[in-house]
Amino acid sequence: LPEIGVTNFEAQAINMYRSTTPGLFLDETFRFGIGERTWNTLGFGLVFVDLDGDGDRDVVIANGHVSDYADNFAQPNQVFANRYVERWLAGSTT
């Protein structure tokens with residue numbers, strides 16, 4: 001499961017890091033399927049929350065832009081439902 005999420009400027013994906021050992025984290029952004037979908041957004045913050053009541057943390061990202069002359073100034077927020085928990089528990093790497 002991702003344990004640290006970092007928002008970034010546009011043309012940079014939102015980063016999701018998973019704990020591998022105490023104090024060490026692995027960037028799983030593209031493996032979780034968030035990299036491509038957040039590349040052209042500017043994230044102002046994110047939160048891990050169980051939106052669907054299944055016990056797994058989902059990700060909600062607040063997006064926008066700081067430059068009103070940007071082509072994509074008005075950016076929608078994003079919600080990513082966690083669908084990977086069963087794979088992680090089963091030991092699958094895909």
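Predicted model: local features only at pLDDT ≥ 70, side-chain atom pairs only at ≥ 80, totals over all residues.
Ala-13 belongs to the loop that lies between β1 and β2.

Which residues are in contact with Ala-13, once its neighbours within four places in sequence are left aside? They are Asn-8, Thr-29, Phe-30, Gly-35, Thr-38 and Trp-39. A further relation concerns Leu-42: 29 residues separate Ala-13 from Leu-42 in sequence, and their C-alpha atoms are 8.8 Å apart in space. Leu-42 falls within the stretch 42-49 that makes up β4.

## Ala-11 in the loop between β1 and β2

Ala-11 is also found in the loop between β1 and β2. Its relative accessible area is 42%, and Ala-11 is therefore partly exposed.

Most residues other than glycine have a negative phi. Ala-11 is not a glycine, yet its phi is positive, at about 70°.

## Overall organisation

The protein contains two helices and six strands. Read from the N terminus, its elements follow the order β-β-β-α-β-β-β-α. The strands are described below, sheet by sheet.

The protein has 94 residues, of which 33% count as buried. Its accessible surface amounts to about 5800 Å², and carbon and sulfur atoms contribute 56% of that area. Among contacts in the protein with a separation of 6 or more, 42% are between residues 24 or more positions apart.

## The sheet of β1, β2 and β3

An open sheet is formed by three strands in the order β1-β2-β3, with antiparallel pairing. The edge strands are β1, residues 4-6, and β3, residues 24-27, each of which pairs on one side only. From one strand to the next, the twist averages 35°.

β1 and β2 are paired in the antiparallel sense over three bridges. Within this pairing, Ile-4 stands opposite Tyr-17 of β2. Strand β2 covers residues 15-21 and pairs with β3, again in the antiparallel sense, over four bridges.

The hairpin of β2 and β3 has two residues between the strands. In this hairpin, Gly-23 adopts a positive phi near 90°.

## The sheet of β4, β5 and β6

Three strands, in the order β4-β5-β6, make up another open sheet with antiparallel pairing. β4, residues 42-49, and β6, residues 78-80, stand at the edges with a single partner strand each, so one side of each has no neighbour in the sheet. On average, and with direction ignored, neighbouring strands of this sheet are turned by 20° against each other.

How many bridges join β5 to β6? Strand β5, residues 58-64, is joined to β6 by three bridges, and the two run antiparallel. One of the residue pairs consists of Val-60 and its bridge partner in β6, Val-79.

## Aromatic rings

A search of the whole structure for aromatic pairs finds zero. A contact of another kind involves the ring of Phe-48: Arg-57 lies over the face of this ring, at 5.3 Å from the ring centre.

Definitions and conventions:
Residues numbered from 1 in each chain as written. Heavy atoms only, no water. Phe/Tyr/Trp six-rings, centres within 6.5 Å; stacked < 30°, edge-to-face > 60°. Lys NZ or Arg CZ within 6 Å of the ring centre and 35° of its normal. Pairing = 2+ DSSP bridges. Axes fitted to C-alpha atoms, helices over the stretch in contact; angles between N-to-C directions. Buried < 20%, exposed > 50% of the residue type's maximum accessible area, 1.4 Å probe, protein only. Contact = heavy atoms within 4.5 Å. Areas by Shrake-Rupley, 256 points an atom, 1.4 Å probe, with all protein chains shown as cover.
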